[in-house]
Amino acid sequence: MARIFSGIQPTGIATLGNYLGALRNWVALQQGADECIYCLVDLHAITTFQDPATLREQTYAMAALLLACGIDPERSVLFHQSAVSAHARLAWIFNCVARMGWLKRMTQFKDKAGKNQEEVSTGLFVYPNLMAADIHAYHATKVPVGDDQLQHIELANDIAERFNRDFGVNFFPRIEPIVLKETARVMSLRDGNKKMSKSDTSDQSRINMTDDADTIAQKIRKAKTDPEPLPDNLAALAERPEARNLLGIFAAVSGESQETILARFAGSGFGPFKSALTEALVAHVEPIGQRTRDYLTDKAELNRILQVGTIKAAAIAEPITKEAERIVGFLPGAA
Ligand code: TYM
């Protein structure tokens, strides 16, 4: 049995990108033999300023959404990161293992900090070390993510290797990402070359997993396309990123292959294609939004689920982190 770990930031509402790139795979992986651990990464969230009351609400909302997507707290460990101190303790050790040059290469930091590098928090810079600690604190070896996280996973492997070498141990294992090829990067509805993101300033750029049918229909109607009719083969979409993105979304939510869908709409404009896409999306997304709202009516139950998850998570992460602390030379603390 292997251990699977993944996380999502409780900032904003999860998008269709989060869902198709990661969350639906988290749900599917529960059916296998591996142990699944899923984390609401609130320590990561505060690398950019979060209003405290909003952060609390968004953490509940993300927990509710994960349950609504099908994360089963009996089968998987579901918890919030700040509740398990092992994450922060191991991250500190990794801050002292990772090299400045490695972190300076992280494209996500460059994207997020932009020209503002002197003003962003130091947490944003060392964020990948915390992500490495999230995974290694559980000795997890498989990490289901979208492709924007692959560079961070490579870094987590570099950190593990360096730790093992510096201390002459074979303690942290190698990690493998698990990526859903077809939806590894769902793109913005406004720009087919930009990732769909919950932090994009334009709500029109994304489908939120809690959008209602009318909002989904309106966003798809307005989604950017091009003037050409749809072709009869995938290769012809190579230079048409918006069309390719919508087709990828359509295939993922309908379960049909991209080829089958193209064959149905080849030669026509985007009107009928968008209507059918809207129908498939609404059928898939709306029930998840409804279930999310249902879960959110019972915060006591959400607290209970997260507390159970926290106890299970800490039971795994605590001994591994204590051993890492022993390896680096810390004296034991209280039992
Ligand atoms: P976050 O919160 O940005 O995103 C959560 C997951 O959704 C995926 N994703 C996408 N996939 C396809 N298309 C998109 N447009 C899209 N947008 C987001 C992300 O790849 C991710 O899998 N650093 C992580 C959270 C994290 C983590 C971890 C993940 C913290 N610790 C340990 C794995 C293991 C993040 O910010 O994800």
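Predicted model: local features only at pLDDT ≥ 70, side-chain atom pairs only at ≥ 80, totals over all residues.
Student: Which elements give two or more residues to the shell around the ligand?

Tutor: Those elements are E1, H1 and helix H7, which spans 122-136.

Student: And how many residues surround the ligand?

Tutor: There are 27 residues around the ligand. The closest are Tyr-127, Asp-134, Gly-146, Asp-148 and Val-186.

Student: Take Tyr-127. What lies 2.5 Å from a nitrogen atom of the ligand there?

Tutor: A polar side-chain atom of Tyr-127. Asp-134 also places a polar side-chain atom by a ligand nitrogen, at 2.6 Å.

Student: What about Gly-17, which atom is involved?

Tutor: A backbone N or O atom of Gly-17, lying 3.2 Å from a nitrogen atom of the ligand.

Student: How much of the ligand's accessible area does the protein cover?

Tutor: The protein covers 97% of the 710 Å² that the ligand has on its own.

Student: OK, switching to salt bridges. How many are there?

Tutor: The count comes to 19 salt bridges.

Student: Give me one. What does Arg-3 pair with?

Tutor: Arg-3 forms a salt bridge with Glu-35, and the closest N and O atoms are 2.8 Å apart. Arg-3 is in strand E1 (residues 3-8) and Glu-35 is in strand E2 (residues 35-40), so the bridge ties together parts 32 residues apart in sequence.

Student: Is Glu-35 buried or partly exposed?

Tutor: Glu-35 counts as partly exposed because its relative accessibility is 21%, and buried would need a value under 20%.

Student: Which residue forms a salt bridge with Arg-240?

Tutor: Asp-226, with the closest N and O atoms 2.7 Å apart. Arg-240 and Asp-226 are both in the loop between helix H9 (213-222) and helix H10 (241-254), 14 residues apart.

Student: Arg-240, buried or exposed?

Tutor: Buried, because the relative accessibility of Arg-240 is 11%.

Student: Last one. Which residues do salt bridges with shared partners join into one network?

Tutor: Arg-89, Glu-318, Lys-322 and Glu-325.

Conventions. Residues numbered from 1 in each chain as written. Heavy atoms only, no water. Salt bridge = Lys/Arg side-chain N within 4 Å of Asp/Glu carboxyl O. Helix = DSSP H or I, 4+ residues; strand = E, 2+ residues; numbered from the N terminus. Buried < 20%, exposed > 50% of the residue type's maximum accessible area, 1.4 Å probe, protein only. Near = heavy atom within 4 Å. Polar contact = N/O pair within 3.5 Å; in protein donor to acceptor, adjacent residues only side chain to side chain. Areas by Shrake-Rupley, 256 points an atom, 1.4 Å probe, with all protein chains shown as cover.
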